[in-house]
Amino acid sequence: MQMPYYNVDYIATHSIMKGSNAKDILVNNSNKEMSEMQTKNQVEDSIIQESLLTCIDLANSDLHQSALLLKKACLDSGFFYVINHGISKEVTDKAFEQSKKFFALPSEEKMKVLKNEKHRGYTPLYDQIPDPENQVQGDHKEGYYIGSEVPRDDPQWDRPFYGLNTWPNPDVLPGWRETMEEYHQEALRVCKAIAKLLALSLDLDADYFDSPEMLGKPISTLRLLHYEGISDPSKGIYGTGAHSDYGMITLLATDGVMGLQICKDRNAKLQKWEYVPSIEGAIVVNLGDMMERWSNGLFRSTLHRVILNGQSRYSIPFFVEPNHDCIIECLPTCQSENNLPKYPAIKCSAYLTQRYEESHLKFSSYKKTNLSEVCSPPSFHYPWFSS
Ligand code: OGA
Ligand code: NI
């Protein structure tokens, strides 16, 4: 069977068509390379190119062949594409359409569903700052979190990351909730299929992750994102600052506007950032830190960020983490006498809580009058905060 493996010419042509100004950015950056650049951030940006990622065909019935291909991708960057994933164009288009409708609402309407302690709802511009060392402001994006719906009659409903979602008023956005619930369900199905391949690629039973103890009641979060502005790494301004994802698997659907970059070697003296182009019909997938911990550092949770070119950009990441009380510890197949576990065991929900709190503004601080007290970078400002 022929392996689907996109060649870089195809990706470049395709993404430039869809991403309009993407080419300009690439050209600008190579021109910059020739000028004198002293700051670290400028130097970083001087060698941007496009990434060539593996493509996994989820309709391939030869799971072992797919697992082998996946393993290569996970050792290299943990970023890959999936095709034939079964999420229809109609479902995806509807989710993007409804997402745009939400973000187009007046600010007062969006603030009615502001993110609560359960991490559900609207996150305004600049709410998140994943890389405070290099960011002078929070991310130039607004978002909306939709988590796993755990009903009140469930004994665990009040656990962190479980519970009920918060929804925009259905009179204002009819059908919105149904659209997002459908996408959420579909995305979870795809993640479970990927989890099977991941298990095989780590020499585990196919159902190792997709088991009641691990993904029986997963913490799965759909996030709608809307980016605006122009990034300038030399000034510490980003769509999303450099970060790795916290969990197990992230699916990323985008509207085709270029912006996502990955850095395969975070410890390199000169960080090299590569664009990840969108491909029609394919979903970008990346592994998060839990997967890196499970695999004892074998599989990569790669640093990534979003650079904006002035065009509006919409994306829909879907994050999957295992059950609330699942313990993330080195897998039996990833350790030996000569390769002892490198990370201490952690409980899924405790780890996630810590990571969310580190990177997001606290819910209580939305209500404070003096926001400079709660934001570390001095130049933070909150245009959505009136008073
Ligand atoms: C994220 C993320 C990338 C994008 O939400 O964690 O990396 O393209 N998003 O929106
Ligand atoms: Ni991310």
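Student: What takes up the space of the largest pocket here?

Tutor: Ligand 1 does. On a 1 Å grid over the protein atoms alone, a pocket is an open set of points with protein on both sides within 12 Å along at least five of seven lines, where a 1.4 Å probe fits. A molecule sits in it if more than half of its atoms lie within 2 Å of the grid points. Keep in mind that this is a predicted model, with local features needing pLDDT of at least 70, side-chain atom pairs pLDDT 80 or more, and totals for chains, interfaces and linings using all residues. Residues are numbered from 1 along each chain, chains are lettered from A and ligands numbered from 1 as written, and side-chain values use heavy atoms, without hydrogens or water.

Student: Which residues surround ligand 1?

Tutor: Look for a heavy atom within 4 Å. That gives Leu225, Tyr227, His243, Asp245, Leu252, His304, Val306, Arg313, Ser315, Pro317 and Phe319.

Student: Which strands supply at least two residues of that shell each?

Tutor: Strands are DSSP runs of at least two residues, numbered from the N terminus. Here they're E6 (218-227), E12 (303-306) and E13 (313-323), and E13 gives the most, four residues.

Student: How far are the polar side-chain atoms of His243 and Asp245 from ligand oxygens?

Tutor: Polar contacts pair N or O atoms within 3.5 Å. His243 comes in at 3.0 Å, Asp245 at 3.1 Å, and a side-chain N or O of Arg313 at 2.9 Å. Alone, ligand 1 exposes 290 Å² (Shrake-Rupley, 1.4 Å probe), and the protein buries 95% of that.

Note on methods: A polar contact is a pair of N or O atoms within 3.5 Å; within protein, one must be able to donate a hydrogen and the other to accept it, and residues adjacent in sequence count only if both atoms are side-chain atoms. On a 1 Å grid over the protein atoms alone, a cavity is a set of points where a 1.4 Å probe fits but cannot get out, and a pocket is an open set with protein on both sides within 12 Å along at least five of seven lines; lining residues have an atom within 4 Å of a point.
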